[in-house]
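Please read them beside the coordinates.

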Amino acid sequence: MSTDTSNLFSDDEIKYGESVIVATRWVLIVIGLLFIAWNPSNVGSLRLQILFIFALAFANFFLQAQVLQKKPISDAVILASSVVDLVVITIIVLAQGGYESNAYLLYIPAILAFSVSFPLGLTIVVTGLWGLFYFALGNAYLFTEVPSESLALETQVLFVRMLVFAGIAFIGWRYRKVEQDRRRNARDARAALLGYLKEDGSEAFEAIDAPPPVAVAVSPTQQLISEKAAAKRASEES
Amino acid sequence: MGTTKGIAQEQAEDIFFGQVVIIWARWVFITSVIILSLWASDTTSEIFIAVIPVALLMAMNFYLHARYIIEKPANELLTQIFAYFDLLVVTLLIVLWPDASGAESGFFILYYPLVLAVAFVLPPRVSLIYIVSASLAYVVGCIAVDASFLANSLLLEAVSLRTITLAATGVLGAFYWRVQRDRLRSIQDIPA
């Protein structure tokens with residue numbers, strides 16, 4: 001009995017989501033480099049951020065190669081790489097000024113890739129944990145850095161950010177569900193149609209299942225040419 | 001060998017089945033606007049002024065959601081009209097919000113779920129126009145409030161990066177649309 005541990009999840013969406021995850025990571029890498037280049041922090045922090053981005057790029061190139069060659073990638077590897085994305089983005093956010101940094105926008109594509117590829121429960125757990133962290137970061141900023149006259153506005157902004165992030169995860173999952181239902185209906189319809197064709201004795205259906213013919217039909221002209229060639233060979237041999 | 005559906009029929013089915021995603025994205029947006037409007041209003045008259053556009057949005061979305069439930073969803077034209085109306089409302093929110101507007105507004109993030117939902121449902125030739133429109137609406141809105149942000153490197157960086165990530169989110173949505181479309185076509189191809 002084979003012990004295939006490459007599939008952590010029974011849902012096969014992750015297999016089709018691999019290309020989306022890889023594409024999302026390329027987007028995060030390019031935009032991440034833009035963030036870093038446009039607003040560089042101190043040298044030590046900058047080195048660390050660039051190192052992480054480049055490590056992400058190499059890892060993503062490996063995954064891209066696997067996808068291009070249509071080789072299966074272990075679910076555990078895909079999950080680990082997606083979690084690493086969130087970690088790297090968090091490092092960039094913290095290095096770029098924490099809550100005040102615009103780097104938090106990188107979370108949006110990462111959440112999107114998660115929600116369309118992984119099961120709903122896992123998406124809720126991972127994005128929920130990250131959401132709690134970012135909410136805590138936001139509150140720490142609000143109550144230590146923001147003057148009292150701006151507190152209401154900044155609280156509104158934090159609230160809207162959290163709602164949008166949850167909304168992105170929900171929209172990704174909802175669209176995935178719509179497409180899953182459409183594919184299931186399409187498969188059922190196809191199975192019903194093929195069943196009907198089989199019962200009907202349709203020639204088209206028989207042609208699909210029938211073995212290839214042994215002799216290939218030839219035109220009368222071809223047959224005449226073949227006969228003349230055969231006669232000529234026979235006369236030459238005699 | 002195989003009879004595949006026409007492109008027009010595929011697009012009609014995309015709108016028919018996928019419209020609920022746009023509707024839910026609009027509910028996320030409406031919820032945000034309701035809470036912001038009630039939170040930011042200090043007097044009863046301000047509350048009533050804020051509630052009017054919100055009520056309009058809610059009525060519009062209730063109508064669309066009800067049509068979807070009874071399996072008579074809106075067609076592509078109506079879907080696009082309401083989607084562009086959403087962009088207009090978000091842009092007005094960014095331009096007119098009293099405490100922080102234009103490049104300093106934090107509410108640009110409300111564009112993201114709307115752009116993503118449209119990218120999931122409409123074909124790329126339509127959704128890419130919407131993505132560009134959203135990006136332009138945001139930049140034009142910022143310029144309309146105060147064009148001096150163009151000379152402020154920090155604000156210019158912020159606006160540029162927001163626009164880039166908005167466009168990237170929409171493009172990723174369109175890419176995922178393509179992945180799902182190919183999967184559905186592979187199932188629906190049947191022998192002639």
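What volume does the largest cavity have?

1. The largest cavity comes to about 50 Å³. Three cavities of 30 Å³ or more are counted. The rule works on a 1 Å grid over the protein atoms alone: a cavity is a set of points where a 1.4 Å probe fits but cannot get out, while a pocket is an open set with protein on both sides within 12 Å along at least five of seven lines. Grid points are joined across faces, edges and corners, and a volume is the space filled by probe spheres set on the points. Rolling a probe the size of a water molecule over the atoms shows where empty space is left.

2. Some conventions. This is a predicted model, where local features need pLDDT of at least 70, side-chain atom pairs count only at pLDDT 80 or more, and totals for chains, interfaces and linings use all residues. Residues are numbered from 1 along each chain as its sequence is written, chains are lettered from A and ligands numbered from 1 in the order in which they are written, and side-chain values use heavy atoms, with hydrogens and water left out.

3. Chain A has eight helices and zero strands. Helices (H or I, at least four residues) and strands (E, at least two) are DSSP runs, numbered from the N terminus. Of its 238 residues, 41% are buried, meaning under 20% relative accessible area with a 1.4 Å probe, protein chains only. Chain A exposes about 13,100 Å², with 65% supplied by carbon and sulfur atoms. These areas come from the Shrake-Rupley method with a 1.4 Å probe; for residues, only the protein chains shown count as cover.

4. Contacts in chain A reach along the sequence. Take those between residues at least 6 apart: 74% join residues at least 24 apart. Contact here means heavy atoms within 4.5 Å.

5. Chain B has six helices and zero strands. Its C-alpha atoms fill a box of roughly 65 × 40 × 20 Å along the principal axes. Buried residues make up 52% of its 192. Among chain B contacts between residues at least 6 apart in sequence, 75% join residues at least 24 apart.

6. Back to the largest cavity. Its lining includes A:Ile21, A:Arg25, A:Asp85 and A:Phe114. Lining residues have an atom within 4 Å of a point. The largest share, four residues, is from H1(A). By class the lining has five nonpolar, two polar and two charged residues. Ala, Val, Leu, Ile, Met, Phe, Trp, Tyr, Cys and Pro count as nonpolar, Asp, Glu, Lys and Arg as charged, and the others, Gly among them, as polar.

7. The largest pocket holds about 720 Å³ of space. It has 27 lining residues; B:Ser37, B:Ala50, B:Leu93, B:Trp97 and B:Pro98 lie nearest its centre. Two or more residues each come from helix H6 (148-200) of chain A and from helix H1 (7-40), helix H2 (44-69) and helix H3 (76-96) of chain B. H2(B) gives the largest share, seven residues. The lining divides into 19 nonpolar, four polar and four charged residues.

8. The second largest pocket has a volume of about 610 Å³. Of its 26 lining residues, those nearest the centre are A:Glu100, A:Asn102, A:Arg161, B:Ala158 and B:Arg162. H6 of chain A and helix H6 (153-188) of chain B each give two or more residues. H6(B) has the largest share, with five. The classes are 14 nonpolar, six polar and six charged.

9. Is B:Tyr111 buried or exposed? B:Tyr111 counts as buried because its relative accessibility is 1%. The residue lies in helix H4 (residues 111-121) of chain B. Leaving aside neighbours within four places in sequence, its contacts include B:Leu87, B:Ile94, B:Tyr138 and B:Leu166. The side chains of B:Tyr111 and B:Thr91 make a polar contact of 2.7 Å. That term covers a pair of N or O atoms within 3.5 Å; within protein, one must be able to donate a hydrogen and the other to accept it, and residues adjacent in sequence count only if both atoms are side-chain atoms.

Technical notes
Buried means under 20% relative accessible area, exposed over 50%, partly exposed in between (1.4 Å probe, protein chains only).
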